[in-house]
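Subject: Structure handed over, with notes on what was found

Dear colleague,

Please find below the structure I promised to pass on to you. My notes on what was found in it follow directly after.

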Amino acid sequence: MPGPAGTGAAPPPLRPRHRPAAWLAGLLLLVPATVTVCRMLDTDGVTPVPQLLSFLPWLALPAGLGLLLAAVARRRGLALTAVVVLAATAWSSLPYTTWTVVSHGLPLARVRVLAANVEFGQATDALIATVRRERPGLVYVSECDRACRRALTTAFADELPHYASVEAEGSAGSVLLSAHPLRDWRMIPATMGMPGATAEIAGRSVRVQLAHPMPPLPGQVDVWRRELGRIEDFAAPRTGPTLIAGDFNASQDHAAFRAILREGRLRDAAWAAGKSRAATWPVEGPLPPYVQIDHVLVSDEFSVEDVRFLDLAGSDHRAVLADLDLRGER
């Protein structure tokens with residue numbers, strides 16, 4: 001017989017064998033739900049969210065498994081929640097948008113840019129071989145200690161005679177090599193070296209800046225956010241052509257990285273080439289590369305022709321090689 005009028009149908013009780021599936025589904029959905037909400041709210045949150053944001057596309061896996069377990073447990077509400085979390089995670093993992101710009105003017109010069117982290121100088125020899133093969137005109141090198149700097153400036157004294165550097169040991173050293181004259185040397189204050197200068201390319205002054213903020217390790221998230229903020233401050237009052245490249249220790253899913261693009265009206269060359277999800281780290285270790293944290297950022301005076309990612313023996317990063325066209329004024 002039907003129940004009394006106005007009595008709603010209660011969800012069926014969980015069978016004993018379904019309870020573990022339901023609990024496990026809830027646990028699996030917790031991380032992707034939390035990380036996706038932070039991504040959609042444009043915040044990096046607090047540990048462990050900044051670290052987990054690097055895994056955002058991969059969080060669709062636990063979300064999908066959570067949906068499967070919710071279906072096995074026959075919990076409609078939990079399954080609906082899982083569908084929402086999975087859809088939000090997939091949507092958040094789409095290539096991010098940036099300023100839509102059109103480069104005006106005729107091409108003045110082809111500029112080939114190479115950004116490489118040589119991991120405490122260990123990949124110096126591999127980088128030298130790569131530079132000789134690819135012949136870039138600007139080379140941004142992170143974690144280049146004093147021995148690395150000497151090797152690079154000696155090897156390319158003719159091809160890349162101009163440079164700006166921060167001389168230090170270990171990960172703190174960096175060097176920016178250029179085939180074009182450099183002036184107005186500067187350095188963004190940071191734990192690791194971030195040198196910059198103004199390059200003269202085809203009669204135009206181009207601001208070139210190496211980026212290498214601290215990684216968002218637990219206990220160092222504030223330092224990471226502050227140093228990315230200094231790169232944002234450098235980019236914000238942009239006037240004229242600008243190239244910022246290096247190991248940003250941040251992906252497209254980090255709000256602090258997107259702020260640099262937004263405030264500086266810059267584009268990520270990999271995004272412009274349709275390769276914003278190509279992973280650059282970690283090349284070494286038990287996990288395959290899962291996140292792109294090495295970037296070449298360009299202003300709208302540049303058009304992006306191609307971007308490639310190159311392995312460097314001895315480094316845990318892939319290098320980014322970008323072919324750009326510097327264009328004249330309108």
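In this predicted model, Trp224, Leu228, Ile231, Glu232 and Ala235 of helix H7 meet Ala256, Ala259, Ile260, Glu263 and Gly264 of helix H8. Sorted by class, the residues of this contact comprise seven nonpolar, one polar and two charged. Helix H7 covers residues 221-235 and helix H8 residues 255-264, and the two pack at an angle of about 10° with their axes 8 Å apart. Since angles under 35 degrees count as roughly parallel, H7 and H8 are therefore roughly parallel to each other.

A second pair of helices can be described in the same terms. Helix H5 (residues 124-134) packs with helix H6 (residues 146-155) at an angle of about 20°, and their axes lie 10 Å apart, so that H5 and H6 are likewise roughly parallel to each other. The crossing in which H5 passes H6 is right-handed. On the H5 side the contact is made by Thr124, Leu127, Ile128 and Arg132, and on the H6 side by Cys148, Ala151, Leu152 and Ala155. Six of the residues in this contact of H5 with H6 are nonpolar, one is polar and one is charged.

Turning to the aromatic residues, the structure holds three aromatic pairs, and I describe two of them here. A pair of aromatic rings is described by the distance of the centres and the angle of the planes. For Phe55 and Tyr290 the ring centres are 4.4 Å apart and the planes lie at 15°, so this pair is stacked. The pair links distant parts of the chain, 235 residues apart, with Phe55 in the loop between helix H2 (49-52) and helix H3 (60-73), and Tyr290 in the loop between helix H9 (269-272) and strand S10 (294-298). For Trp281 and Tyr290 the centres are 6.0 Å apart and the planes at 70°, so this pair is edge-to-face. Together, ring pairs link Phe55, Trp281 and Tyr290 into a cluster.

How exposed or buried are the members of this cluster? Tyr290 has a relative accessibility of 16% and therefore counts as buried, given that buried means under 20% relative accessible area. Phe55, with a relative accessible area of 28%, is partly exposed, and Trp281, at 27% relative accessibility, counts as partly exposed.

One further residue may be worth a look in your viewer. Val166 is found in strand S3, which covers residues 162-166, and at 15% relative accessibility Val166 counts as buried. Leaving aside residues up to four places away in sequence, Val166 touches Ala172, Gly173, Ser174, Met187, Gly193, Met194 and Pro195. Between Val166 and Ser142, which are 24 residues apart in sequence, the C-alpha to C-alpha distance is 9.9 Å.

Finally, some values for the whole chain. The secondary structure of the protein chain comes to nine helices and twelve strands, and the C-alpha trace spans about 95 × 45 × 35 Å along its principal axes. Of the 330 residues of the protein chain, 51% count as buried. Among the contacts in the chain with a separation of 6 or more, 68% are between residues 24 or more positions apart.

With kind regards

Technical notes
Residues numbered from 1 in each chain as written. Predicted model: local features only at pLDDT ≥ 70, side-chain atom pairs only at ≥ 80, totals over all residues. Heavy atoms only, no water. Axes fitted to C-alpha atoms, helices over the stretch in contact; angles between N-to-C directions. Helix = DSSP H or I, 4+ residues; strand = E, 2+ residues; numbered from the N terminus. Parallel < 35°, antiparallel > 145°, perpendicular 65-115°, else oblique. Left-handed = near helix turned anticlockwise from the far one by under 90°. Contact = heavy atoms within 4.5 Å. Nonpolar A, V, L, I, M, F, W, Y, C, P; charged D, E, K, R; others polar. Phe/Tyr/Trp six-rings, centres within 6.5 Å; stacked < 30°, edge-to-face > 60°. Buried < 20%, exposed > 50% of the residue type's maximum accessible area, 1.4 Å probe, protein only.
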